[in-house]
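The following exercises ask the reader to work through a structure step by step. Each task is followed by a worked solution.

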Amino acid sequence: MKAVIFDLDGVITDTAEYHFLAWKHIAEQIDIPFDRSMNENLKGISREESLESILTLGGAETKYTNAEKQELMHQKNQYYQTLISELKPEHLLPGIGRLLCELKGENIKVGLASSSRNAPEIIKRLEIIDDFHAIVDPTSLANGKPDPEIFLTAAAQLGVSPADCAAIEDAEAGISAIKSAGMFAVGVGHELSMLGADLIVRQTCDLTFELLNEEWEQYRIKRF
Ligand code: BG6
Ligand code: MG
């Protein structure tokens, strides 16, 4: 294991919840019922795809012009940015600060593969920007998760072969992207929503270098 690539929202900090709150705010404005179970399918996917999914759920896929959709996304992002403006280092999810420290001590490269255009702002607020050797710009990509492009780009930026990378995700689209990239996939969350992951932990506090490394060794023995 030469590199660990992190998803951001729901792995490093609980901004997955903020995305949910912001979309719920917009959905209510346009009279579409929206709850946490619907939100599960939006995790990891782009702002544009998220809005299309919500409109489809509400039977409103043809109701809005492109300009109106842009305005809805703008409003969602403004609401979201108000929420993230309060982020501080103490909002790192449990165990993440320790894991970043352990990876540094082990000379493991660290990358960020987030679909969010707000990612640089968030990791600055959490004061962990210097822990990353590569941060993928999602606007430079042709395909979003579950396509592997974002993880392959992170590996290329780190100068590490995908086979030598582990990556951590909280969403099904993300786990699929990691597996398609040929990497060791670590899922944070419930087993049922982490299908295909090579290692599943319930909470971020369970993520230690020791566990990742042990499971990585087992995975390699089974594979090669
Ligand atoms: C992903 C989130 O990380 O980023 C999604 O899981 C979100 O919920 C996507 O839609 C895009 O984020 P943003 O901040 O660019 O709207
Ligand atoms: Mg996520």
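**Exercise 1: The ligand pocket**

A polar side-chain atom of N118 is 2.7 Å from an oxygen atom of ligand 1. The model is a predicted one.

*Solution.* 

Step 1. Identify the surroundings. There are 15 residues around ligand 1, and those that come nearest are D9, R47, S116, R117 and N118.

Step 2. In the side chain of D9, an N or O atom is 2.6 Å from an oxygen atom of ligand 1. R117 contributes through its backbone, where an N or O atom lies 2.7 Å from an oxygen atom of ligand 1.

Step 3. The largest pocket is the space taken by ligand 1.

**Exercise 2: The magnesium site**

Determine which residues coordinate the magnesium ion (ligand 2), and state which parts of the chain D9 and D170 tie together.

*Solution.* 

Step 1. List the donors. The magnesium ion (ligand 2) is coordinated at 2.1 Å by D7 (OD), D9 (O) and D170 (OD).

Step 2. Write their spacing. Along the chain, the donors of the magnesium ion (ligand 2) follow D-x1-D-x160-D.

Step 3. Assign the elements. D9 belongs to the loop between β1 (3-6) and α1 (15-29), while D170 belongs to the loop between β4 (165-169) and α8 (172-180); the pair therefore ties together parts 161 residues apart in sequence.

Step 4. Check accessibility. Both D9 and D170 are buried.

Step 5. Connect the two sites. D9 coordinates the magnesium ion (ligand 2) through O, and the side chain of D9 also has an N or O atom 2.6 Å from an oxygen atom of ligand 1.

**Exercise 3: Backbone geometry**

Locate the cis peptide bond and examine the positive phi values of D31 and N107.

*Solution.* 

Step 1. Recall the expectation. Most residues other than glycine have a negative phi, and most peptide bonds are trans.

Step 2. Find the cis bond. K145 and P146 are joined by a cis peptide bond with omega of about 15 degrees. P146 is in the loop between β3 (134-135) and α7 (149-158).

Step 3. Examine D31. This residue is not a glycine, yet has a positive phi of about 60 degrees. D31 is situated in the loop between α1 and α2 (36-40), and its relative accessible area of 70% makes it exposed.

Step 4. Examine N107. Its phi is also positive, near 60 degrees. N107 is located in the loop between α5 (96-105) and β2 (109-112), and is exposed with a relative accessible area of 71%.

**Exercise 4: Accessibility and distance**

Is L57 buried, partly exposed or exposed, and how is L141 classified?

*Solution.* 

Step 1. Treat L57. Helix α3 (residues 47-57) contains L57. Buried means under 20% relative accessible area and exposed means over 50%; at 48%, L57 is therefore partly exposed.

Step 2. Treat L141. This residue lies in the loop between β3 and α7, and its relative accessibility of 17% places it in the buried class.

Key. Residues numbered from 1 in each chain as written. Chains lettered and ligands numbered in written order. Predicted model: local features only at pLDDT ≥ 70, side-chain atom pairs only at ≥ 80, totals over all residues. Heavy atoms only, no water. Donors = N, O, S within 2.8 Å, 3.2 Å for Na, K, Ca; no water. Helix = DSSP H or I, 4+ residues; strand = E, 2+ residues; numbered from the N terminus. Buried < 20%, exposed > 50% of the residue type's maximum accessible area, 1.4 Å probe, protein only. Near = heavy atom within 4 Å. Polar contact = N/O pair within 3.5 Å; in protein donor to acceptor, adjacent residues only side chain to side chain. 1 Å grid on protein atoms, 1.4 Å probe; cavity = no way out; pocket = protein on both sides within 12 Å on 5 of 7 lines; lining within 4 Å. Sits in = over half its atoms within 2 Å of the grid points.
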